Each structure stands twice: as C-alpha cells, then as structure tokens.
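User: Hi! Could you walk me through some charged pairs in the model I am about to show you?

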Amino acid sequence: MKIKKLFVGLVALSAAVMATACSSNSSSSGKGNSDPKELNFEFVPSVQVNKVDSKTKPLQEALQKELGIPVHVTATTNYDGLLTAMQSKKVDAGFMPPDAYVLAHKKGIADVLLQAERYGYDEPSGVQNKTLMHAYRAGIYVKKGSQIKSWKDLKGKKIAVQAPTSSSGYVFPIVELYQKGLNALKDCKLTQINGADQAIISVANGDVDAAFTFADARPIAAKDDPKIMKEVVPIYFTKWIPNDTISVRKGLSKSFKKKLATAFKKMAKTKKGQEIIENIDQHYGYVDAKDSDFNTIRQYQKELNAIQK
C-alpha cells in the first residue's frame, strides 16, 4: 500500500536527520545509570512542526531553571526518529503517545515517567469542558452533509490517518472498524497527513472523505477557520485510550528521573507553566504512571498486527 511505502521512507529519512542533527549534542550519552550533563528533550507535535518551533524555547527555559543544567527542546515529525535518537542516547526524554511508548519499552529503549492530563470534550459538539482526564477517545470525522453517515459508509473512501504508531490516528479506529466488519487497510484508501489539525482541515476542504484523529482535534483546526467546528462532524468514537506519556531513555538514574518528574509536575501547577505545556501539546497536568497502565494499548497493537498479516 502507498501508506506503507511512505511510512518506510519517512522512517529512513527521520533516522538519518536525527543522527546528523544530534551528533553535536551527545554530552547526554554515557554508560550505566549516569545523569546527563545536559538534557535533550524531543516531541512530535499534534500540529504542524513549523507552528510549534517558536514554542519550544519557553519549555526549554523552564526545564533548565528547574534542573540546573542546559536543556535542548526540539520538535520532530516522526516518532520512529524519536525512538532512534533515544536508543542511541542522543535524546534523553520526550512526549510520547501510548503506542510509541509501548514499542519503545518492548525494544528496551524507554521507560514511562509520567502520564499527561488533558481536559475532556463534550461529545459530539467538541466543546472543551473542565474535567481533567487521564484518557481520551479517537473519533472518525467527516464533512457535514456528507453521504457518510456511519462507519458502514467508509468502504472505498479516502481517509486521512496519522502515523501507524498513533493510537487515535491509526490503531484504535482500524482495530475497532475491523471488529465491526470493515477492514480499513484493504477496503479504504488511507493517506497519511501529519498533524491532526491538518487532517481535519483536509476533511473540511474535501481533500479526503474522512479522518481518524483524537477527540477532539477540531478546536485546533478551528483556530485557522472557526467554521470547521460546524462543518466537520464525528460519526464514531472509539473506546478510551490512555493519555500521552513523558518517557525517558534507559540508563538514567532514579534520582534524575524523579527530579525530571518533579520539574514537570511543578511546572503544571503554575500559571506560566500551564501556558507552556498547553501551547506545546495541550497538556494541563501530569500524574505518575506505570507500565501496566498501557496493557490496553498492547492488546490493540496485537490485534492490529493480526489484521496486517
């Protein structure tokens, strides 16, 4: 499939770029459980990278103040690049969605440190409420007035998806549709559009028939075009998905991991800190997390692997 060819190409390109870009920032690498002399933190934004580059500096400065060491915060376009950089100890920590974390942990690359909290959204309006949630759902979105009224109408349609490691933009919708009788990998035309906001905009513009995104990505897309809130509507919501993580590479000491966790929790409790993490990736707080919190992800990944065979 075209989506698979594109994904493979992105993985190779991302790995090459990361190897070059991080070669001058290798002071965080080391043998054993050693603390880094500087922290390299990376994430893949849910919106276009060029929209968040200017927002990385506040996070960098805040972490630097709390940790007392130089901090470098960068945004990249691909989780495989993040995992590769973390495995080679070019990156020490990062925001990582549940599926990417599970893969990184399985490969012995990373451990979970914290889980993000986000405000929930009223369904189907997409209006944000004030309830902090440890989990969220994926939604399937179409243009209002479309002939697609339910998941049954998706056969043969062009659907915007995120990277295959994305829980909401790929894994959960595909698995649940398959359970209902629709094999989206074979029966639909999947096209990868990086950024949930861009996927929603593509639906609004008629470039695709539907989009798999987190619920709810419409308010982000609506910042560019407020009409999107009414022009794009959900036709399906998945089961609950564990929220994103802050994960760290293997080899960091317990004391440093505790210090880093404390820094993020402290940041989330201040007005300025809340603005920083909200602007970066719509985080509003952090709670401690353990590996077993993500067993649901493992089950869905197992089912996806069976579908792909």
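This is a predicted model: local features need pLDDT of at least 70, side-chain atom pairs count only at pLDDT 80 or more; totals for chains, interfaces and linings use all residues.

User: Which residue does Asp291 meet in a salt bridge?

Analyst: Side chains of opposite charge can pair when their charged atoms come close. Here the N to O distance is 2.6 Å, which is within the 4 Å that a salt bridge requires. The partner of Asp291 is Arg298.

User: Is Arg298 buried, partly exposed or exposed?

Analyst: Buried would need a relative accessible area under 20%, and exposed one over 50%. Arg298 has 25% relative accessibility, and Asp291 also comes out at 25%. So Arg298 counts as partly exposed.

User: How many residues apart in sequence are the parts that Glu66 and Lys266 tie together?

Analyst: The side chains of these two form a salt bridge, with N to O at 3.5 Å. Glu66 sits in helix α2 (residues 56-67), while Lys266 belongs to helix α10 (residues 254-268). The pair therefore links parts whose separation in sequence is 200 residues.

User: Lys265 forms a salt bridge with Asp288. Which strand does Asp288 lie in?

Analyst: The closest N and O atoms of Lys265 and Asp288 are 2.7 Å apart. Lys265 is in helix α10, and the pair ties together parts 23 residues apart in sequence. On Asp288's side, that part is strand β12.

User: And is Asp288 buried, partly exposed or exposed?

Analyst: Lys265 has a relative accessible area of 27%, making it partly exposed. Asp288 has 54% relative accessibility, and the cut-off for exposed is over 50%. So Asp288 counts as exposed.

Terms used
Residues are numbered from 1 along each chain as its sequence is written. Side-chain values use heavy atoms; hydrogens and water are left out. Helices (H or I, at least four residues) and strands (E, at least two) are DSSP runs, numbered from the N terminus. Buried means under 20% relative accessible area, exposed over 50%, partly exposed in between (1.4 Å probe, protein chains only).
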